[in-house]
There are 2 protein chains.
Amino acid sequence: MGKNAIVGQSGGPTAVINSSLAGVYESCKKHGAQVVYGMCNGVAGLLEQRVIDLSTVLKDDLDIELLKRTPSSFLGSCRYKLPDWQTDPQVYEQLFEILKELDIGWFFYIGGNDSMDTIGKLSEYGASIGSDIRFMGVPKTIDNDLMITDHTPGYGSAAKYIGVVMKEIIRDATVYGTKYVTIVEIMGRNAGWLTAAAALAKGPDCEGVDMICLPEVPFDVEHFIDKVRALQAVKPSIVIAVSEGVKLPDGRYVCELSDDVRAVDAFGHKNLTGTARFMANLVARSLDTKTRCIELSTLQRCAGHMTSRTDVTEAYQVGGAAALAAFEGHTGEMVALKRISSNPYQCVTELHPISEVANLEKKVPLEWMNEAHTQMTDAFLDYAKPLIQAELSPLYIAGLPHHIYM
Amino acid sequence: MGKNAIVGQSGGPTAVINSSLAGVYESCKKHGAQVVYGMCNGVAGLLEQRVIDLSTVLKDDLDIELLKRTPSSFLGSCRYKLPDWQTDPQVYEQLFEILKELDIGWFFYIGGNDSMDTIGKLSEYGASIGSDIRFMGVPKTIDNDLMITDHTPGYGSAAKYIGVVMKEIIRDATVYGTKYVTIVEIMGRNAGWLTAAAALAKGPDCEGVDMICLPEVPFDVEHFIDKVRALQAVKPSIVIAVSEGVKLPDGRYVCELSDDVRAVDAFGHKNLTGTARFMANLVARSLDTKTRCIELSTLQRCAGHMTSRTDVTEAYQVGGAAALAAFEGHTGEMVALKRISSNPYQCVTELHPISEVANLEKKVPLEWMNEAHTQMTDAFLDYAKPLIQAELSPLYIAGLPHHIYM
């Protein structure tokens with residue numbers, strides 16, 4: 001009898017994280033895992049022994065197909081940071097005892113920076129006690145801020161969603177031909193990859209966004225108003241894409257200038273929403289124009305109805321590649337995507353030690369912006385366009401996308 | 001030589017208003033109009049003689065197909081209210097002079113309440129001066145608040161969009177299994193049709209929204225908090241759909257309780273956004289839970305990437321029916337949709353005098369809510385479900401929906 005595999009999902013949900021789960025599951029089955037367990041709510045749930053035999057919920061090919069097209073984390077997620085294993089081994093002892101009871105040979109964790117930290121610590125602790133469990137990381141984040149990998153599964157679909165809705169917002173905003181400034185707030189605390197994707201809207205059928213504000217560029221309030229004034233002198237409807245994480249030159253978040261921001265969360269969590277609202281208020285007070293702010297909020301990370309087929313496929317493939325690597329004996333590594341060529345687009349998977357990825361953050365290179373830092377250049381578009389190609393329609397039942405649901 | 005036709009779009013844009021434009025255009029051509037003009041920015045643009053020969057921009061069948069799948073108002077829109085024609089005839093004299101110069105025989109206006117007011121006044125003035133121009137109204141509004149017609153083109157697609165994103169929001173909000181209250185703000189100043197559409201999310205694969213707050217039901221702050229507390233005692237993640245127009249028992253809008261609401265618009269327009277934010281703040285202060293507010297904003301009215309095929313088809317048909325009626329000699333009327341049956345869904349067009357529609361407002365019947373006024377009943381679902389059936393995919397080019405663009 002072979003051993004069993006276990007897989008968990010961690011961090012923020014995406015539209016394609018379940019496609020990676022499908023890739024891990026099918027690949028583990030193919031390579032001979034007896035049972036493939038799913039952790040409910042990641043490592044936090046595993047500590048409570050909340051696991052499920054995935055074959056009981058993924059019964060046939062239709063279930064797998066539904067899983068690939070279901071947004072958010074099918075297994076549930078967590079934000080759980082493991083302590084240092086050398087100074088605080090107790091939780092590791094507990095986890096490895098649970099893994100032993102489940103007869104686990106292969107352990108997979110689908111997530112971003114923090115999740116890779118988990119894989120790194122578990123594989124190090126495992127090595128220190130002579131465990132033969134293989135630990136593999138599967139990259140996932142809409143933020144696209146993981147090092148080493150060309151891009152992260154989840155980013156392509158979120159970028160496509162942002163490109164699509166920016167086109168629609170621009171079209172909507174110009175309809176009256178009157179003076180209007182629309183400010184759209186996009187996720188991304190420290191890295192502006194998602195906000196940069198607003199540049200994708202531009203084309204022969206769309207004039208594109210008029211300004212892009214990334215967190216990589218210090219935000220100067222007066223310069224901003226001057227720029228908006230200059231833009232509106234030429235055309236009445238101005239649409240601006242702004243990252244939730246834009247910061248003032250002194251390092252404070254722009255949204256901290258808004259009095260009521262922290263009131264949303266009564267428990268002291270620094271909530272970054274409110275950036276676009278603050279900026280829209282500022283523009284309305286400074287210029288003779290109507291304004292509107294739009295927060296894309298969680299819509300941008302879970303839009304299963306608007307995914308990139310390229311992204312869905314790659315998410316599935318990194319899951320499969322992780323399983324293959326684990327069964328070949330690799331451990332403490334993450335599957336990365338390596339781009340061979342942008343046009344034609346060719347991309348392969350490769351393996352990297354988790355230490356090259358965990359707890360690091362990849363930002364948007366400022367060379368991919370114009371000199372004024374208000375627009376993305378063709379270099380960024382060459383990078384991003386292949387990632388949003390082709391569509392995968394949800395399975396519609398009675399007019400609504402059907403999801404697999406536990 | 002036959003005469004010419006002219007068509008305009010007015011009021012807020014929708015995802016299918018251009019399908020009605022396509023219906024009017026093709027039907028006018030078929031019935032023998034020489035030229036079909038489009039008014040740029042509705043009657044306001046017509047007064048400035050900004051018109052376009054539509055055959056110069058709709059050159060072939062592909063352009064028509066793109067038009068049907070392009071959101072927002074292709075011709076641009078306006079919010080222009082004609083004065084009383086008996087006391088203030090000057091603008092009418094000017095308009096009819098322009099129509100005479102253009103040799104117009106048939107005049108079409110696609111819009112909501114205010115636009116039907118325009119058709120009513122123009123046809124009355126026309127009759128008073130013995131004009132033979134035929135004036136027909138084509139219904140359009142996501143708000144679904146027009147009298148007489150079973151529903152309005154535009155509502156089905158907006159309702160479908162809302163059902164789809166509510167499913168995705170619910171799925172996203174439950175992922176950590178922690179206490180969370182998500183409040184989603186949906187358009188609808190006085191009528192709750194769009195907010196009611198959040199009820200469509202519920203199904204075997206989705207637990208649905210936990211509470212619906214319509215503007216038809218006075219909003220009691222204390223009762224609301226009590227209800228949320230009771231809901232969260234049973235399950236951690238609560239999702240609430242609230243209309244931007246919910247009002248306190250004293251008639252004030254809930255969003256007026258929020259200090260900074262009116263700051264967004266510097267020119268005194270009572271902007272209703274901020275309702276969900278106010279309520280999320282309220283819940284965070286009152287209950288031991290994290291909260292999030294999401295405003296669907298203009299995304300819900302212009303989501304050309306998520307339309308109901310039923311809606312697109314009906315929008316096209318009411319345009320065609322209006323042209324047929326005008327060529328048969330009708331004037332001062334609006335095309336309405338009359339439902340024959342919900343299951344199987346059968347719906348036909350009919351004509352009604354504009355006076356039965358203009359400046360009136362159809363609200364959601366409270367019999368279609370449960371006794372506590374927190375959920376929609378099956379009667380509403382029977383009404384709404386046929387309107388969201390089937391999909392019409394955008395024409396994708398390089399990963400993004402392609403639009404026709406002037």
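**View 1. Confidence in the predicted model.** The structure shown is a predicted model, and the predictor assigns the complex an ipTM of 0.96 together with a pTM of 0.97. In chain A the average pLDDT is 95, with 97% of the residues scoring at least 70. Where pLDDT is low, the predicted coordinates should not be read in detail.

**View 2. An open sheet of 4 strands in chain A.** The strands follow the order β7-β8-β6-β9, and their pairing is parallel. Strands β7 (211-213) and β9 (290-295) of chain A are at the edges and have a single partner strand each, so that one side of each is left without a neighbour in the sheet. From one strand to the next, the twist averages 20°. Within this sheet of chain A, β6 (residues 180-186) and β8 (residues 237-243) are joined in the parallel sense over 7 bridges, and A:V184 is found opposite A:A241 of β8(A).

**View 3. Helices packed on the sheet of chain A.** Helix α8 (residues 221-234) of chain A touches β6, β7 and β8 of chain A, and its direction makes about 165° with that of β7(A). Helix α9 (residues 275-286) of chain A lies across β6, β7, β8 and β9 of chain A, and runs at about 160° to β6(A).

View 4. Over all chains, the count comes to 28 aromatic pairs. One of them is the tilted pair of A:F107 and A:F135, with 5.0 Å centre to centre and 50° between the planes. This pair links distant parts of the chain, since A:F107 belongs to strand β4 (residues 104-111) and A:F135 to strand β5 (residues 134-139) of chain A, 28 residues apart. Both A:F107 and A:F135 are buried, and both are members of one aromatic cluster that also includes A:W85 and A:Y109. In chain B, B:F380 and B:Y383 form a tilted pair at 6.4 Å centre to centre, with 45° between the planes; these two residues lie in helix α11 (residues 378-384) of chain B, 3 residues apart, or about one turn of the helix. B:F380 is buried, with a relative accessible area of 0%, and B:Y383, at 6% relative accessibility, also counts as buried.

**View 5. Lysines over tyrosine rings.** In chain A, A:K68 lies over the face of A:Y316, at 4.3 Å from the ring centre. In chain B, B:K68 lies over the face of B:Y316, at 4.3 Å from the ring centre.

Notes
Residues numbered from 1 in each chain as written. Chains lettered and ligands numbered in written order. Predicted model: local features only at pLDDT ≥ 70, side-chain atom pairs only at ≥ 80, totals over all residues. Heavy atoms only, no water. Pairing = 2+ DSSP bridges. Axes fitted to C-alpha atoms, helices over the stretch in contact; angles between N-to-C directions. Contact = heavy atoms within 4.5 Å. pLDDT = per-residue confidence, 0-100. Phe/Tyr/Trp six-rings, centres within 6.5 Å; stacked < 30°, edge-to-face > 60°. Buried < 20%, exposed > 50% of the residue type's maximum accessible area, 1.4 Å probe, protein only. Lys NZ or Arg CZ within 6 Å of the ring centre and 35° of its normal.
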